[in-house]
Amino acid sequence: MSRLLLVLLVLALALPLTAREIDGATVTLISPANVTPGATQTMLFTVQNASSDYEWIASVEIHFPGGVLHQETMGHEMLSAPRPNFAMTVWPTIPTATWTDNNGGYGEIYSTESCDVWVDWTAPSPIDPAIITWELWGDVFGAEPHYVTGSIQLLVTPVAERTWSSIKALYR
Ligand SMILES: [Ca+2]
Ligand SMILES: [Ca+2]
């Protein structure tokens, strides 16, 4: 085999390993640890970028299993003001919360960063199945994938019933 062919073969094998991004970017639920059916609680997530080819995250979309989302309480961490520049929207019928690149061009969460996002959620009662799904879009820089998805299984804890003995115990 000629040296040129060998070099081309090595390049062909190596490139797919180094140019696959935003593969590995994730959304993780930080709190609450348990979800109470019917209660309104602040859902706090971390969005973690993991791009090795400098692709930045442009949009975050989180789908909830029913219930009501409250757009007025949406927020996100500031990484390097005024970034990230996100438009925050709730789509009630799905229900879905979105943080979307508000100024076009490159994305808003750089390739080594993580960024907290949050929204208040009134959980349905009962909540079944209790699975949140998420989607992340990159700014389409370099190699695919520019879009990744995942899911989060929620722990659902019903409100404990107050018994007479448990109420009396508060006053002992
Ligand atoms: Ca942008
Ligand atoms: Ca890329």
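**Figure 1. Val140 in the loop between E8 and E9.** Val140 sits in the loop that links strands E8 and E9; helices (H or I, at least four residues) and strands (E, at least two) are DSSP runs, numbered from the N terminus. The model is predicted: local features need pLDDT of at least 70, side-chain atom pairs count only at pLDDT 80 or more, and totals for chains, interfaces and linings use all residues. Residues are numbered from 1 along each chain as its sequence is written, while chains are lettered from A and ligands numbered from 1 in the order in which they are written. Val140 is not a glycine, yet its phi is positive, about 65°. Most residues other than glycine have a negative phi, and most peptide bonds are trans. Is Val140 buried or partly exposed? Val140 counts as partly exposed because 13 other C-beta atoms lie within 10 Å. A residue is buried if 20 or more other C-beta atoms lie within 10 Å of its own, exposed if 12 or fewer, and partly exposed in between, with C-beta atoms placed from the backbone.

**Figure 2. Tyr54 in the loop between E2 and E3.** Tyr54 belongs to the loop between E2 and E3. Tyr54 has a positive phi of about 65° and is not a glycine. Tyr54 has 14 C-beta neighbours inside 10 Å, so it counts as partly exposed.

**Figure 3. Two cis peptide bonds.** Ser31 and Pro32 are joined by a cis peptide bond with omega of about 5°. Pro32 is in the loop between E1 and E2. A cis bond also leads from Ser125 to Pro126, where omega is near 0°. Pro126 is placed in the loop between E7 and E8.

**Figure 4. The sheet of five strands.** An open, antiparallel sheet is built from five strands in the order E5-E6-E3-E8-E9. Its edge strands are E5 and E9 (147–153), each of which pairs on one side only. From one strand to the next the twist averages 15°; axes are lines fitted to C-alpha atoms, for helices over the stretch in contact, and angles run from 0 to 180 degrees between N-to-C directions. Two strands pair if DSSP finds at least two bridges between them. E5 (residues 86–91) and E6 (residues 96–101) run antiparallel and are joined by six bridges. They form a hairpin with four residues between them. Which residue of E6 is the bridge partner of Trp91? The partner is Thr96. In E9, Gly150 is the bridge partner of Trp134.

**Figure 5. The sheet of four strands.** Four strands form an open sheet with antiparallel pairing, in the order E1-E2-E7-E4. Strands E1 (26–31) and E4 (68–76) stand at the edges with a single partner strand each, so one side of each has no neighbour in the sheet. Neighbouring strands of this sheet are turned by 30° against each other on average, direction ignored. How many bridges join E2 to E7? Nine bridges join E2 (residues 40–48) to E7 (residues 114–122), and the two strands run antiparallel. Asp120 of E7 is the bridge partner of Thr42.

**Figure 6. Ala58 and its surroundings.** Ala58 is part of strand E3. Ala58 is buried because 25 other C-beta atoms lie within 10 Å. Leaving out residues up to four places away in sequence, Ala58 touches Asp101, Gly107, Glu108, Trp137, Gly138 and Asp139; two residues are in contact if their C-beta atoms, placed from the backbone, lie within 7 Å. Pro84 is 26 residues from Ala58 in sequence, and their C-alpha atoms are 9.1 Å apart.

**Figure 7. The largest nonpolar core.** The largest nonpolar core has 27 residues; such a core is a set of buried Ala, Val, Leu, Ile, Met, Phe, Trp, Tyr and Cys residues joined through C-beta atoms within 7 Å. Val27, Val47, Ile57, Val60, Ile62 and Leu136 have the most contacts inside the core. The elements that give two or more residues to this core are E2, E3 (57–63), E5, E6, E7 and E8 (131–138). Ile62 touches Val27, Phe45, Thr96, Ala97, Ile132 and Trp134, not counting residues up to four places away in sequence.
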